[in-house]
Amino acid sequence: MPDLAAFPRAAWLRAERAVLAAVTPADFGYGSPQGAPALRRAVVGWLARNRGIRAEPDEVVVVAGVAQALGLLAQLLRADGIDRVAVEDPGSLGARQQLEYGGHTTVPVPVDAGGLDVGALRACGARAVLMTPAHQFPTGVVLDGERRRELLRWAAGGGVVIEDDYDAEHRYDRPPYPRCAPSCPTGSATRAASPSSSPPPCGSAGCWSRPTCATPWSPPSGTRTSATASSPNWSWPG
Ligand SMILES: Cc1ncc(COP(=O)(O)O)c(C=O)c1O
């Protein structure tokens, strides 16, 4: 949790004023449920500059935080025939619950000083894993190089990596952690990020990108969502 007293009120107000002065009346209507195109373009630029991730605006969904991204992903995985997701142990109770609300069985996989035990992941038989490789929650360990290579080999065999970029910005003693997403084989990684630990979580926002795919991972027909950050009463087209 950031220092709530340090919220940059003046800068926030300046930004709000600048945006309100520039928007057109149409901008106050229902926008793209995937997120305003200008915002998605800005997110894509940020991902490239800060994370070395190449993505197209069409591959980004603006969400109300990692929790909502997981709720959406839970539906997509089930539509893809996946209903067991490996999670870190210890790990985030809230993240696990989002998957369980989405109808998944979560399978705990141990974490040690090197991060997630990828051998145990392989042995558990789950086809997807949710993990925090850059800054494991709650231990703070970083997935070590050999584990990372092993994870990528697992993904190359068809495993899906859901990378929660939890607290990745908060590092003072090491270089940026290389994202798993750009290195995973096409179609096997998806990445959810949220700024909840920089500005306070009340302004919950986030983005979900699937940067490695050649074609966007369109939600299957019939997948439904609750309200998103961008539009109430939204369902995926199709
Ligand atoms: C492991 C983990 N990931 C992500 C988040 C951020 O979640 P959200 O974006 O839904 O606020 C949290 C917040 O506590 C967390 O514990």
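Predicted model: local features only at pLDDT ≥ 70, side-chain atom pairs only at ≥ 80, totals over all residues.
## A walk to strand E6

Numbering runs from 1 along each chain as its sequence is written, and side-chain values use heavy atoms, with hydrogens and water left out.

Now colour by secondary structure. You'll find six helices and eight strands (DSSP runs numbered from the N terminus: helices are H or I with at least four residues, strands are E with at least two). Along the sequence they go α-α-β-α-β-α-β-β-α-β-α-β-β-β.

Next, select residues 160-164, strand E6. Five of the five residues are buried, so the strand is largely enclosed by the rest of the structure. Show the side chains: in a regular strand they alternate between the two faces of the sheet. Here, Val-160, Ile-162 and Asp-164 sit on one side, with Val-161 and Glu-163 on the other, and both faces are covered.

E5 and E6 run parallel, joined by four bridges (strands pair if DSSP finds at least two bridges between them). Click Val-129 and you'll see Val-161 of E6 opposite.

Finally, trace the chain from E5 through helix H6, residues 145-156, to E6: this β-α-β crossover is right-handed (with the strands pointing away from you, the path from the first strand over the helix to the second runs clockwise).

Definitions and conventions
Buried < 20%, exposed > 50% of the residue type's maximum accessible area, 1.4 Å probe, protein only.
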